Amino acid sequence: MSVKACLKAAVFLAAMAGSAHAQTQITMWSNWPDEPAKKDWVTARVQEFEAANKQCSVKLNFIPKADIYTQAKSAVRTGQAPDIFYMEPDQPEFLAGGFLEPLDSYIDLAGLEDWAKPAWTSKGKVYGVPVEAYTVELYYNKDQVKKVGIDVPASAQLTQAQFTDLVKKGVAAGITPISQGVGDRPFPGALLTYEALLRRLGTDDYGKLLAGELSYKDPRVAEVMGWVKELVDAGAYPKSFATLKLGESHYYFYQKPGALTFPDPSWFTGRAFAAPESGGMPKDFPLGIMQFPAMDKGDCPNCKTLAVAGSFVLYSKSKNKDCAGALLKSMANVENGTKWMEQVSLQTGLKSDPAKIKSPHEAYFKELTARNADVKYFFGTPLFHYRAKCAETFTQVMNNAFPAGLISVADAADKMDAACLKK
Amino acid sequence: MSDMAKHAGTDVEAPARASRAPRTRRFSDPRRASFPVLLVFLVPALAIYFGLTAYPAFRTIYDSFFTIEGMERIPVGFANYVALWQDETFWVAVRNTFIWAFVAPILDVATGLLLALALYAGVPFARFLRIAWFTPVLLSYVVVAILWMWIYNYDWGVVNELLRAMGLGDLARSWLGDPNTALAAVIVTHAWKWAGFNMVVCLAAIHSLPREVLEASELDNCGWGAKLRYMIVPMLKPTLLNLYVLAFIGKMKVFDLVWIMTGGGPLWATETVSTYVYKRAFNWNTFDLGYPSAIAAVWFGVVCAAVILLNKIFKSKDRLEY
């Protein structure tokens with residue numbers, strides 16, 4: 001080969017290498033490795049982005065949420081965090097530590113629901129793309145509830161006494177009244193208690209309770225906790241409550257051994273609508289959604305918790321903010337919000353067009369929409385509001401020990417006040 | 001120098017002469033490694049030791065005097081240590097860890113010794129049992145934890161199923177969900193995992209015992225119980241104590257099994273110092289590493305002090321001669 005030919009080859013290779021370098025690779029960590037519908041949605045958005053932006057490629061990893069948080073906490077400090085990562089608004093330390101980039105100049109904020117923006121707003125800037133939103137719902141097995149002799153009224157809301165009756169009848173019939181477990185989550189055991197507290201106290205006082213401005217010894221709080229304790233003592237929860245994992249509690253509800261009700265955020269669909277052989281709900285399962293019971297002397301029977309969960313944030317020290325910002329921009333629009341609703345059958349903080357939603361779970365959507373008509377939302381679950389020792393006490397006491405029947409109302413109130421009540 | 005020493009080719013004054021020899025001569029000795037060669041061998045090991053052990057340890061102690069929020073470091077003196085003194089959860093974790101560290105090794109060592117004695121006595125299928133009993137040592141904590149979570153499952157776990165089969169259904173419970181049984185349940189799991197290791201060490205020690213002493217005892221019509229009590233166990237004492245101290249150190253740092261099986265619950269009944277440090281560092285809605293560093297620093301001191309104390313207590317003044 002002549003010198004000239006060698007030089008030509010070298011120039012060609014250098015050009016190829018140059019063009020390869022021109023492509024920027026960004027890294028992205030997403031949750032939902034075990035939720036096919038959500039995983040597919042994220043994968044599809046990334047693939048669409050890569051197809052439309054040849055100068056950017058995305059190294060996408062699906063990692064369980066707890067691992068993302070742990071790894072991200074170390075990585076952000078050393079400048080090694082991914083350009084985009086999954087985050088929920090209940091991890092405010094990332095924002096407070098200055099590790100998140102404001103997105104106002106990267107995405108079109110008109111693509112986000114107005115009610116979802118505050119979850120990620122700080123000092124007038126928006127820091128996250130709120131993909132996943134949810135309401136706290138009470139799912140039930142229509143056939144089993146009917147079988148034990150309880151008729152759910154047209155309003156889909158039982159009274160406090162009727163719900164007590166449902167629990168007692170379920171126990172008498174040998175059917176677990178409430179499928180719930182806290183083996184791997186810090187919140188499910190408290191869902192019934194706190195939804196009952198919200199309906200009893202109304203949004204203002206409930207907000208004060210979660211802000212540490214109202215004592216757990218308030219007579220109204222004590223009444224609600226006393227009622228929950230009555231249900232617990234009657235055998236409302238599975239005996240394996242302490243070790244039952246979230247995925248297992250799904251299976252417990254709609255497969256074996258079966259239960260009357262299943263309090264769960266509306267992200268229920270992520271597991272329930274998976275194929276039955278993958279642990280999903282059987283096709284003919286008689287699923288219903290009822291409102292949490294209306295509490296006696298309740299200030300707000302039509303109240304309900306609404307929250308933003310899975311979101312994507314941009315790392316403030318990212319060296320590839322252009323590509324990363326462009327990816328987030330490509331996600332945050334009405335079209336993708338509609339696709340999320342269709343594919344995941346779950347609410348989203350992205351704007352969506354309900355008229356265009358075509359889903360095989362249309363009946364479910366109709367019922368979910370009906371349960372969310374004329375409701376008054378309270379924003380955020382307890383863990384969205386509680387921090388540090390108060391959050392840990394909530395997890396140990398209200399999520400675990402209290403619904404497991406390990407602790408009295410007075411002791412639970414003492415521990416929560418000691419950890420959360422502002423002096 | 002005596003004639004005998006010369007004849008034997010030894011030179012008793014040689015060390016003294018060597019110490020008087022000039023420094024340069026020592027390095028010129030072709031049988032000795034040169035300084036650069038020494039460096040080649042030492043530097044990687046020292047770099048790894050200082051980089052991955054010494055520096056992080058000193059840095060942890062240094063960090064314990066700061067509050068570290070995001071990129072900001074605020075010196076707080078001994079405030080983290082004062083807060084630690086008043087931290088109820090920390091003291092619960094200390095209590096649980098001490099139970100682990102002092103009680104569980106007795107179970108570990110006793111189980112290992114019993115298994116080793118069973119093999120030494122020649123139980124049927126001894127070769128198979130030796131492998132079977134050692135296998136848990138090879139399993140990861142994650143596998144062991146999941147296995148035992150199934151065993152303890154309230155609805156279909158082996159423990160409760162056995163109790164029900166024996167007509168003792170009233171005793172069935174959520175072993176990991178009850179604060180009264182959770183810690184014991186996790187300790188049993190840990191003992192199961194490590195019994196094989198203790199068994200192997202005990203078995204090796206038993207086989208190294210002087211046969212003539214044991215045979216003499218048999219000639220004296222010494223029964224198994226008496227032989228065990230008066231001969232085997234006393235002669236194995238140094239091995240057993242070393243196993244105890246090793247187990248003690250391991251249990252003072254126990255984390256994996258607790259984290260997977262109970263996460264420190266219910267009601268902090270299984271919280272250990274290590275799980276609490278992890279929670280404070282990574283699950284507390286804060287980036288502050290100052291407070292968890294203070295816990296880690298205190299616990300480092302406690303573990304060192306406890307090991308020194310145990311060594312002093314267990315140091316046998318009357319060494320066995322055989």
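**View 1. Ser345(A) sits in the loop between α12 (334–344) and α13 (362–371) of chain A.** In this predicted model, the phi angle of Ser345(A) is near 55°, which is a positive value in a residue other than glycine. Most residues other than glycine have a negative phi. Ser345(A) counts as buried because it has 23 C-beta neighbours inside 10 Å, and the cut-off for a buried residue is 20 or more.

**View 2. Phe125(B) lies in the loop between α6 (88–120) and α7 (126–138) of chain B.** Phe125(B) is a residue other than glycine with a positive phi, here near 60°. Phe125(B) is exposed, since 8 other C-beta atoms lie within 10 Å, and a residue counts as exposed if that number is 12 or fewer.

**View 3. A cis peptide bond runs from Lys256(A) to Pro257(A).** The omega angle of this bond is near 5°, and Pro257(A) is found in the loop that leads from α9 (246–254) to β10 (259–265) of chain A. Most peptide bonds are trans.

**View 4. Gly265(B) and Pro266(B) are joined by a cis peptide bond.** For this bond omega is about -10°, and the loop that holds Pro266(B) lies between α13 (256–261) and α14 (273–282) of chain B.

**View 5. Helix α4 (residues 35–63) of chain B bends by about 40° at Phe50(B).** Although α4(B) has 29 residues, the C-alpha atoms at its ends are only 36 Å apart, which falls short of the 42 Å that a straight helix would reach at 1.5 Å a residue. How many of the 29 residues of α4(B) are buried? The count is 1, and α4(B) is therefore described as hardly covered, given that a buried residue needs 20 or more other C-beta atoms within 10 Å of its own.

**View 6. Chain A contains 16 helices and 14 strands.** The radius of gyration of chain A is 24 Å, close to the 22 Å that the globule rule gives for 423 residues, so chain A is as compact as a globular protein of that length. Its C-alpha trace spans about 95 × 55 × 35 Å along the principal axes, and 49% of the 423 residues of chain A count as buried. Among contacts in chain A between residues at least 6 apart in sequence, 76% join residues at least 24 apart. The mean pLDDT of chain A is 91, with 95% of its residues reaching 70 or more. Among the elements of chain A, helix α1 (residues 3–22) has the lowest mean pLDDT, 58, whereas helix α8 (residues 219–234) has the highest, 97.

**View 7. Chain B contains 15 helices and 2 strands.** When contacts in chain B between residues at least 6 apart in sequence are considered, 70% of them join residues at least 24 apart.

Terms used:
Residues are numbered from 1 along each chain as its sequence is written. Chains are lettered from A and ligands numbered from 1 in the order in which they are written. This is a predicted model: local features need pLDDT of at least 70, side-chain atom pairs count only at pLDDT 80 or more; totals for chains, interfaces and linings use all residues. Helices (H or I, at least four residues) and strands (E, at least two) are DSSP runs, numbered from the N terminus. The expected span of a helix is 1.5 Å times one less than its number of residues. The bend at a residue is the angle between axes fitted to the seven residues ending there and the seven starting there. pLDDT is the predictor's confidence in each residue, from 0 to 100. Two residues are in contact if their C-beta atoms, placed from the backbone, lie within 7 Å. The radius of gyration is taken over C-alpha atoms; the globule rule is 2.2 Å times the number of residues to the power 0.38.
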